[in-house]
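Subject: Structure handover

Dear colleague,

I am passing on the structure that we spoke about, and my notes follow below it. Please look through it first and then read on with it open beside you.

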Amino acid sequence: MVGKDRDISGISYCKQAKRNELAVVRHKAEIADTQADVLLTLPVFTDTGKTLLVSYDSIETALIRVCRIFVEEGILKDYRLPVHMEKTENGAFIGKNVSLGSSAEVCPGAVIGNDASIGERCVIEPFAVIGSGTVLADDVFIGSGSKIGAESFFHSYDKLSGFSHFAGCGRTRIGEGTHIGSQTVIQRGTISDTVIGKRCMIGNCIDIGHDVRIGNDCKIVSQAGIAGNAVLGNEVIVYGQAGIANDAVIGNGVIVKAKTLVSRAVKDHQVIFGRFGRDYQEELRVAAKIRRYFNRKDG
């Protein structure tokens, strides 16, 4: 540790961290983006004016170690704890400390973990799983076979123990009026929450990673994948089989065409397409040039 002793009440990623929390900083440039007084970071050779917890391993390894200490101290919640469920009269299974709206419909075979909160008029179809700590606002629909609040797919690697899996201490929060189709997986956050906004349409067979934040009125079409820590603004449309890389930030009103790979920041109201996530019209022009080149070569 470098700097003076400080009291901290939690842990979060740099931009979301409050002053009394430990901010996870993976890049030097992020130091200016956080209001936290304490940083978990790799060696920094400049005066930041903050208290540093310096890791000489990877940040992911250090994050997992800190979170396990916080769980032991009761600062964070361990959602891997065994879920002791009771079977309802209609054949659903519900854990402890669940808040269930009086008008919510939980169908036979559905499973709700501990400490979940289900709003009014929600519908949870047969064999859907709502993980512990998940929060569903009013009028949310969860299709059959989907898992909301699944374990975070977060790994670190060190030479002594190999790969280490961290299930996550965050939650999953789904906004009012959002519709989620069948066989979709949404992971809980590692240290922050995975958040889906209001009135979103999330299709079938979609994988949304840990700590993803999606704005309001978005549409995600079947078989799309969104990796951890990605951010989508409001009114974003992601068409089928598109992939969004971890940490990518997509602005408001963006349209991501089918089978597009997004690995960089995208400004508001762009339409992007292709394996490099370029402007749609530009990608069409490049494709046309390639076709003309090979046609001339064949001739």
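In this predicted model, 8 strands form an open sheet with parallel pairing, in the order E7-E10-E13-E18-E21-E24-E27-E30. Strands here are DSSP runs of at least two residues, numbered from the N terminus, and two strands pair if DSSP finds at least two bridges between them. At the edges of this sheet stand strand E7 (99–100) and strand E30 (249–250), each of which pairs on one side only. Within the sheet, strand E18 (residues 172–174) and strand E21 (residues 194–196) run parallel and are joined by 3 bridges, and Arg-173 has Val-195 in E21 as its bridge partner. As background, strands of a sheet pair through backbone hydrogen bonds, either parallel or antiparallel.

Residues are numbered from 1 along each chain as its sequence is written. Because the model is predicted, local features need pLDDT of at least 70 and side-chain atom pairs count only at pLDDT 80 or more, while totals for chains, interfaces and linings use all residues, and side-chain values use heavy atoms, with hydrogens and water left out.

There is also an open sheet of 10 strands with mixed pairing, in the order E5-E6-E9-E12-E15-E20-E23-E26-E29-E32. Strand E5 (86–87) and strand E32 (261–262) are at its edges with a single partner strand each, so one side of each has no neighbour in the sheet. Strand E26 (residues 225–226) pairs with strand E29 (residues 243–244) in the parallel sense over 2 bridges, and the bridge partner of Ile-226 in E29 is Ile-244.

Asn-114 lies in the loop between strand E9 (111–112) and strand E10 (117–118), and it counts as buried (under 20% relative accessible area, with a 1.4 Å probe and protein chains only) because its relative accessibility is 11%. A polar atom of the Asn-114 side chain lies 2.9 Å from the backbone nitrogen of Lys-96.

Asn-234 is in the loop between strand E27 (231–232) and strand E28 (237–238). Its relative accessible area is 34%, so Asn-234 is partly exposed, a class that lies between buried and exposed, the latter being over 50%. Leaving aside neighbours within four places in sequence, Asn-234 is in contact (heavy atoms within 4.5 Å) with Gly-215, Asn-216, Cys-218, Asn-252 and Gly-253. The backbone nitrogen of Asn-216 lies 2.8 Å from a polar atom of the Asn-234 side chain.

Note on methods:
Helix = DSSP H or I, 4+ residues; strand = E, 2+ residues; numbered from the N terminus. Polar contact = N/O pair within 3.5 Å; in protein donor to acceptor, adjacent residues only side chain to side chain.
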